[in-house]
Amino acid sequence: MIASPPNDPDGLLPAASASLTGTVTGKLDRRSGNGFQPGLLLHDLWVLAKARVVSLLVFTAAVGEILAPHALIHWQAALAGLLGIALAGGAGGVLNQIVEPDLDQHMRRTLHRPLAEGRISRRGAMLYAMVLMSAAIAILAWGTNPLTLVLTLAGTVGYGVVYTLYLKPSTPWNIVWGGLAGALPPLIGWTAITGSIAALPVVLVLLVFVWTPAHFWPLAINCRRDYAKACIPMLPCTHGIDRTRKEVLNYAILTWGVSLIPALLTGDWIYGGIAWLSGAWFVGMALRLKALPEGPEMDQYARSMFAYSISYLFLLYTGLILGRLLIG
């Protein structure tokens, strides 16, 4: 049971006595009667591992590797690092869903997940997570170095355990502190090549860290009623929409500023131009979100900003690659 936070200015959250009593045990498969379907099983394993989210982690790690000195010489370590991050990230995604099937049943965007619908049991999901994590550890230990392995384990535990079990159900600032786990891949990619830490990958970690709240809170605004129903203390539920929109703007401006630091460190004017223009657009979206009156248009725009923020981060990291290839 997750208690409702005491601060509820919009009256969105249910009373503290409301409990989540749903369970996946014995829940019928909505596609039952069709027999074993290998394609459905593969799809469910893909969803359990949060493959779409993991693909962004792998991409940012790949950028960290490309920016590292002598990346081509250490291509085997680079491949091992990416594969290890992908497997460990998948394990973290599975752990997240093992904890939350009852909560997922209250959210429109998660109610059809494999565990929420009972198509895969908790025991099966735990076995899947163990296989993914064991493979990740073996590959990273064999192909990279101890620092990379430790950072990867820290990221997996940070998301799958610390964020899911402690931060998400207990504080409206969960996504701020929990975002650090998802921000580590650029540094992990760098250390897979070099075995050491440097200023540039640390800044790239900081970039993802400050981008995450500005990226996720617009979605939280759009889904605030579902979060309230699930008793998850997301910022729009505990502090209201206006406060959340102010924080989105604050973090968008902060992201814009941090995104310019790599240009200063490397003298990369190509990336600097991309970061300046795309960051200005991102801040402009945050300003519009803040100005819109509450209603369906604001909700839809918040969802659009969430989608754009993913493209924004992708554009920034692609700009880093372009600058490295064209300028060196």
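**Exercise 1.** Is Arg-288 buried, partly exposed or exposed, and what is its relative accessible area?

*Solution.* The model is predicted. Step one: the relative accessible area of Arg-288 is 41%. Step two: buried means under 20% and exposed means over 50%. Step three: Arg-288 is therefore partly exposed.

**Exercise 2.** Find the salt-bridge partner of Arg-288 and classify that partner by accessibility.

*Solution.* Step one: Arg-288 pairs with Glu-297, with 3.6 Å between the closest N and O atoms. This is within the 4 Å cut-off for a salt bridge. Step two: Glu-297 has a relative accessibility of 49% and counts as partly exposed.

**Exercise 3.** Describe the salt bridge between Arg-119 and Glu-117, and state whether each residue is buried or exposed.

*Solution.* Step one: the N to O distance between the two side chains is 2.3 Å. Step two: Arg-119 has 16% relative accessibility, so this residue counts as buried. Step three: Glu-117, at 6%, is buried as well.

**Exercise 4.** Locate the salt bridge of Asp-299 in the secondary structure and say what the pair ties together.

*Solution.* Step one: the partner of Asp-299 is Arg-224, and their closest N and O atoms lie 2.8 Å apart. Step three: both Asp-299 and Arg-224 are buried.

**Exercise 5.** How many salt bridges does the structure hold?

*Solution.* The count is seven. Among them is the bridge between Arg-288 and Glu-297. Through shared partners, salt bridges also join Asp-44, Glu-117 and Arg-119 into one network.

Technical notes. Residues are numbered from 1 along each chain as its sequence is written. This is a predicted model: local features need pLDDT of at least 70, side-chain atom pairs count only at pLDDT 80 or more; totals for chains, interfaces and linings use all residues. Side-chain values use heavy atoms; hydrogens and water are left out. Buried means under 20% relative accessible area, exposed over 50%, partly exposed in between (1.4 Å probe, protein chains only). Helices (H or I, at least four residues) and strands (E, at least two) are DSSP runs, numbered from the N terminus.
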